[in-house]
Amino acid sequence: MAMAENMAPEAAPDGQYLELLQLVERLHRQLLDVVKDELDREGLDDLNSVQALLLFNIGDQELTAGELRTRGHYLGSNVSYNLKKLVDAGYIRHERSAVDRRSVRVSLTESGHAVCAQLNTLFERQANSLEAVGGVDTTQLPGMNTALARIERFWADHIRFRM
């Protein structure tokens, strides 16, 4: 018997919330598939979708692996592994911080910026066709973004304050 069936009716999670959780998970996986498809079309077979999004999120900045982790985009060991792969493939340069020699700062090389630009073009193309092709009312995007940001904060507070 499923867990929800064993719960008392007043203890059962709201169906809309459960649907949201499943949708967020599926959307993330679908985004990774969309990025991988774009990489394949461009012949970039030395990158996976997580690495490409890592490049996109670094953009023009110079960051540490810790800063990438604290922004919530990546898991700890995953960042280190992917950064090393991206350095080895020539998409990222790294150098030790002059202030804290234990800290390594990363930034994109020309190749990394090219991937970032390709993803930017992809996302711009999608944004321009979201309403016409996807049937999404783009005037609702600010409200959707606000709601998702509040859920993100709610989850962060859940962990931080052990709710």
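**Entry 1**

I started at E38, which is buried at a relative accessible area of 8%. My cut-offs here: buried is under 20% relative accessible area, exposed is over 50%, and partly exposed sits in between, with a 1.4 Å probe and protein chains only. Before going on I noted that this is a predicted model, where local features need pLDDT of at least 70, side-chain atom pairs count only at pLDDT 80 or more, and totals for chains, interfaces and linings use all residues. Residues are numbered from 1 along each chain as its sequence is written, and side-chain values use heavy atoms, with hydrogens and water left out.

Which residue forms a salt bridge with E38? I found R125, with the closest N and O atoms 3.2 Å apart. R125 lies in helix 6 (residues 110-129) and E38 in helix 2, so the pair ties together parts that are 87 residues apart in sequence. For the record, a salt bridge is a side-chain nitrogen of Lys or Arg within 4 Å of a carboxyl oxygen of Asp or Glu. Helices (H or I, at least four residues) and strands (E, at least two) are DSSP runs, numbered from the N terminus.

**Entry 1: other salt bridges**

I get a count of eight salt bridges by this rule. I looked at D40 and K36, whose side chains meet at 3.3 Å, N to O. The two are four residues apart in helix 2, so about one helical turn separates them. D40 is partly exposed at 46% relative accessibility, and K36 is partly exposed too, at 28%.

Next came K84 and D88, a salt bridge at 3.0 Å, N to O. Both lie in helix 5 (residues 76-88), four residues apart, about one turn of the helix. Are K84 and D88 buried or exposed? K84 counts as exposed at 54%, and D88 counts as exposed at 55%.

I also noted a network of salt bridges that links E62, E67 and R105.

**Entry 2: the whole chain**

I stepped back to the overall layout. The secondary structure comes to seven helices and three strands, and along the sequence I read α-α-α-β-α-α-β-β-α-α. Of the 163 residues in the chain, 22% are buried. For contacts (heavy atoms within 4.5 Å), I took those with a separation of 6 or more: residues 24 or more positions apart account for 47% of them. The chain exposes about 11,600 Å², with carbon and sulfur atoms supplying 54% of that. Accessible areas come from the Shrake-Rupley method with a 1.4 Å probe, and for residues only the protein chains shown count as cover.

What is the order of the three strands in the open sheet? I read 1-3-2, with antiparallel pairing. The edge strands are strand 1 (63-64) and strand 2 (92-96), each pairing on one side only. Two strands pair if DSSP finds at least two bridges between them. Strand 2 and strand 3 (residues 104-108) have five bridges, in the antiparallel sense, and I92 has L108 of strand 3 as its bridge partner.

Helix 3 lies across strand 1, strand 2 and strand 3, and runs at about 95° to strand 3. Axes are lines fitted to C-alpha atoms, for helices over the stretch in contact, and angles run from 0 to 180 degrees between N-to-C directions.

Q51 is buried at 6%. Setting aside residues up to four places away in sequence, Q51 touches D46, N82, K85 and L86.

**Entry 3: S103 in the loop**

S103 is in the loop between strand 2 and strand 3. Beyond its neighbours within four places in sequence, S103 is in contact with T64, E95, R96 and S97. I also checked S103 against G66: they are 37 residues apart in sequence and 8.7 Å apart in space, C-alpha to C-alpha.

**Entry 4: a nonpolar patch**

Last stop was the surface. Y17, L18, V24, L148, F154, W155, F161 and M163 make a nonpolar patch of about 730 Å². Helix 2 (15-41) and helix 7 (141-160) are the elements that give two or more residues to this patch. Patches are made of residues with over 30% relative accessible area and no salt bridge; like charges are joined within 9 Å, nonpolar side chains (Val, Leu, Ile, Met, Phe, Trp, Tyr) within 5 Å. I checked Y17, which is found in helix 2: Y17 is partly exposed at 32%.
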